[in-house]
Amino acid sequence: MAVGLFGRLREGLAKTRETLLGKVEALFQGHPKVDEEFLESLEEILLGADFGMPVTQELIAALRRRLKNEREPDQGRLREILAEEIATRLPAEQAWTLPAQRPCVIMLVGVNGVGKTTTLGKLAAQFVGQGKKVVIGAGDTFRAAAGEQLQVWGERAGAEVIRHAEGADPGAVAFDAARAAVARGADVLLLDTAGRLHTKVNLMEELKKVRRVLAREIPGAPHETWLVLDATTGQNALAQAKTFRAATEATGIVLTKLDGTARGGIVVAISAELGLGVRFVGIGEGVADLKPFSAGEFVAALFRND
Amino acid sequence: MFDTLSEKLDAVFKKLRGRGRLTEEDVQAAMREVRLALLEADVNFKVVKDFVAAVRERAVGQDVLQSLTPGQQVIRVVRDELALLMGSGEENRLDLAARPPVGIMLCGLQGAGKTTTCGKLALKLRRDKRSPLLVPADVYRPAAIEQLKVLGRQLDIPVFDSRADQDPVAICREARAFADRQGYDTLILDTAGRLHIDDALMLELERIKADVEPREILLVADAMTGQDAVNVATAFNERLGLTGVILTKLDGDARGGAALSIRSVTGKPIKLIGVGEKLDALEAFHPERMAQRILGMGDVLSLIEKAEATIDREQAAEMAQQLRKEGFNLETFRDQLRAVKKMGSLESLLGMIPGAGKAMKQMQGMQLPEKELQKVEAIINSMTPAERRDHRIINGSRRLRIAKGSGTRVQDVNQLLKQFTEAQTMMKRMQKLGPKGLRGLLGKGGGLPF
C-alpha cells in the first residue's frame with residue numbers, strides 16, 4: 001500500500017521532470033549554486049528542446065554574464081533571465097492582422113507531412129468564422145487524395161475549393177483559384193501547395209512559378225507566404241527555412257504539432273538567424289487549436305509544467 | 001555550411017603529428033568535436049553523452065598509425081562504433097515467417113509518411129512475390145482512406161474497402177478475415193497518425209495489435225525529427241513492442257541523427273528507409289552509410305547510386321558513343337550538362353563529396369553557378385545543330401544572333417566559346433596521352449602512387 005503510493009508520487013514527479021521547467025527546477029534542487037556543472041546540465045536541457053548548439057551556447061553565455069554579479073541567484077531569477085533571453089531572440093510581439101488587400105492571398109509551403117493542408121483547413125474555418133469570404137486553391141496536385149482532404153475541410157469551413165485533377169499543373173490551379181477569388185469578391189485566397197523537400201531544385205522552381213502566376217492575376221500576390229514547420233523537426237528546420245525563404249520569399253512561419261512533447265526550440269534559432277516571425281502555432285486537432293503566436297506564451301509553453 | 005568533422009579533427013590533431021599514442025587530452029579535444037557533430041545531426045543529447053563516453057574510453061592509448069592522420073583514425077573508430085550501434089552486421093530484413101495472412105502494422109506521429117510508406121511497402125512485397133492487401137485504418141484524417149485507395153489503384157494492389165465511420169479495430173479484424181478468404185498472404189495496416197501521449201489513440205493501437213496479432217509492428221519516423229525522437233520511439237515501443245523502424249524522407253539533406261536515437265532507446269532495427277517521392281523509393285537500411293551521413297562525411301556511394309538512378313544506362317551508353325563518334329562538342333557538352341542538372345542542386349551534390357564542404361566554404365556567400373549553368377544552356381540552345389557540332393563556324397553575326405536568341409550578351413557567348421575551346425583542347429590532349437601520358441603530364445613530382 002505504502003509502496004504503491006510512493007510509486008505513484010514518484011511517477012508524477014518524473015513526468016514533471018521531463019519538462020524543461022521541471023528539469024531546470026530539479027537541476028536547481030541538486031545544484032543550488034550556478035557553477036560549471038550546473039551550466040553544463042542546463043546546456044543539455046536546452047539542447048534537448050532542439051534549440052541547437054549556437055543558440056544554446058549564446059543563452060548559456062548570457063546567463064553566465066548576467067548572473068556573475070549575483071551572489072545567490074534564486075530559481076525564479078534564473079528562470080526570468082532565461083525566459084527574457086529567449087524572448088529577445090524571438091520576433092517582437094505583435095499579433096498578425098489580415099492585410100488590407102482584397103483578395104488577400106496567403107500561400108502555404110513546406111516539406112512533406114508538416115501539416116500544410118490541415119493548417120489551411122483551420123485557417124479557412126477561422127477566417128469564415130470572422131465573417132470573411134474565403135476561397136481555397138487545392139495546389140497540392142501531387143499527393144494522392146490531397147484535394148479530397150481539402151474538399152472536406154472546405155465543406156466544414158464553408159469555403160469554396162478550387163480543384164484540378166491529380167497530377168495537374170499547380171500553376172493552373174493557382175490561376176483558376178486567383179480568378180475565382182477575384183470573381184467571387186473573396187476577402188482571402190488560401191493556396192495549398194504540395195509538400196516538397198527543400199533540396200529538390202525543380203520542385204522549388206515550381207513554387208516560384210506558382211508565385212509568378214499569382215502575381216500576374218492579383219497585384220502584389222501572394223501577400224503572405226508561410227512556411228509550415230513541424231515542431232518535432234530538429235536542426236534541419238534551419239536549412240528548410242533558409243531555402244524556402246530564398247525561393248519563395250516566405251514572410252512567416254506556422255509551427256505545427258506543438259501539442260506533443262516536442263518544444264519547437266528550433267524556431268528560436270530560426271528567428272535569431274533569419275528574423276522570420278511565427279504567425280500561428282498548432283496545438284491540437286481542433287479548428288480553435290491553431291492560435292496566433294505570442295512570444296510570451298511560447299516561452300511560457302517552453303517552460304510549461306504538464 | 002558546417003566544416004566537415006574530419007577537417008575539425010585534423011585541426012585538433014595537427015599538433016601531435018609524429019607522436020606515437022593518443023593522450024587523454026587529445027581524445028578529450030577530439031570528442032568535443034564529435035559531440036558537436038552528433039548534436040548538429042540531431043542525435044539525442046543523452047545518446048550522444050553515452051556514445052562519446054564509450055568511444056573516449058576506446059580511443060585513449062590507441063596507437064597512432066603513421067600512414068594515417070590521427071583525425072581520420074578517430075573518425076574511423078567513431079564511424080565503426082556508430083554503425084555497430086545502428087546494427088551493422090545484424091539481421092534487419094522484414095520477418096514475415098508466419099501463417100498467412102501475415103500482418104504488418106505501421107504506426108507513428110502525424111505526417112511521418114505512413115500512408116505513402118504503406119503503398120511503397122506493398123509494391124516491394126509484390127516484387128518479392130507476395131500478395132499484399134492494403135488496409136486503410138485511419139478514420140480520422142479527412143480523405144486518408146481515399147489516399148490509400150488512390151495509391152492502391154496506381155499500383156494495382158487491392159485495398160480493403162473501409163469507411164471513415166467504422167471502428168479502426170473492426171476494420172483490421174474484418175480485413176484479416178477478408179484476406180484469409182481471398183488468399184492474400186500479407187496485410188499492411190495503415191493506422192492513423194497520433195501523438196505518443198494520446199492515451200485513447202494509443203489504446204486503439206494496442207487493441208488492433210491484440211486482435212490482429214501483426215508479425216511486424218513498425219514505427220514510421222521522419223528522418224528530420226529532432227531531440228523528441230527518443231520520447232516518441234520510447235512511448236510507441238513501450239505500448240506496442242515495436243519490431244522495427246522505417247525511416248522516411250531521407251532524400252533530403254537531414255543528417256538523420258534520429259536513426260541513432262531511435263535505435264539506441266528501443267534497440268529495434270531500422271528495417272527500411274524512404275528515399276524519394278516515387279513509389280519504388282523504399283530501400284534497405286545500411287548502418288555504415290548512415291553512420292557516414294550522421295557524421296557529415298559525405299556519401300560517395302549514394303552519389304554514385306543517384307547518378308545511376310537518374311541517368312539510365314541506355315542514355316549513358318548513347319552519350320558515350322556519341323562522344324566517341326563526334327568528339328567533345330557543344331552537343332555532347334549540353335547532354336552532360338542536362339544529365340548533371342537532373343541529379344539535383346549542385347549544393348546537394350557537392351554535399352555528398354567528402355571534402356567538398358571545405359571548398360564550398362571558401363566560396364563563402366558566393367552563389368553556386370546554378371544560374372550560370374542556366375545561361376550556358378540557353379546559349380547552347382540558341383545555336384543551330386551545325387554550330388553545336390562545330391563551334392568554329394560561329395562568326396560575329398552568328399554570335400549576335402545567339403546572344404539575342406538566348407537573352408544574353410555577345411560577351412557571354414564569347415566567354416562560353418572561349419571556355420569551351422579550352423576544355424576541348426584539354427580533353428583532346430588527355431585522350432591522346434592516355435593513362436600513361438597523363439602521368440608524364442603531371443610530372444615526376446606529382447606524387448601519385450601509380
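Select B:L218 first: opposite this residue stands B:G244 in β5(B). Strands (E, at least two residues) and helices (H or I, at least four) are DSSP runs, numbered from the N terminus.

The model is predicted: local features need pLDDT of at least 70, side-chain atom pairs count only at pLDDT 80 or more, and totals for chains, interfaces and linings use all residues. Residues are numbered from 1 along each chain as its sequence is written, chains are lettered from A and ligands numbered from 1 in the order in which they are written, and side-chain values use heavy atoms, with hydrogens and water left out.

Next, display the whole sheet of chain B, an open one of 7 strands in the order β2-β3-β1-β4-β5-β6-β7, with mixed pairing. At its edges stand β2 (132-137) and β7 (282-284) of chain B, each with a single partner strand, so one side of each has no neighbour in the sheet.

Now move to the loop between α4 (70-85) and β1 of chain B and select B:N92. B:N92 counts as buried because its relative accessibility is 17% (buried: under 20% relative accessible area; exposed: over 50%; partly exposed: in between; 1.4 Å probe, protein chains only). Show also B:P269, B:I270, B:K271 and B:F285, which B:N92 touches, not counting residues up to four places away in sequence (contact: heavy atoms within 4.5 Å). Finally, trace the side chain of B:N92 to the backbone oxygen of B:I270, reached at 3.4 Å.

Definitions and conventions
Two strands pair if DSSP finds at least two bridges between them. A polar contact is a pair of N or O atoms within 3.5 Å; within protein, one must be able to donate a hydrogen and the other to accept it, and residues adjacent in sequence count only if both atoms are side-chain atoms.
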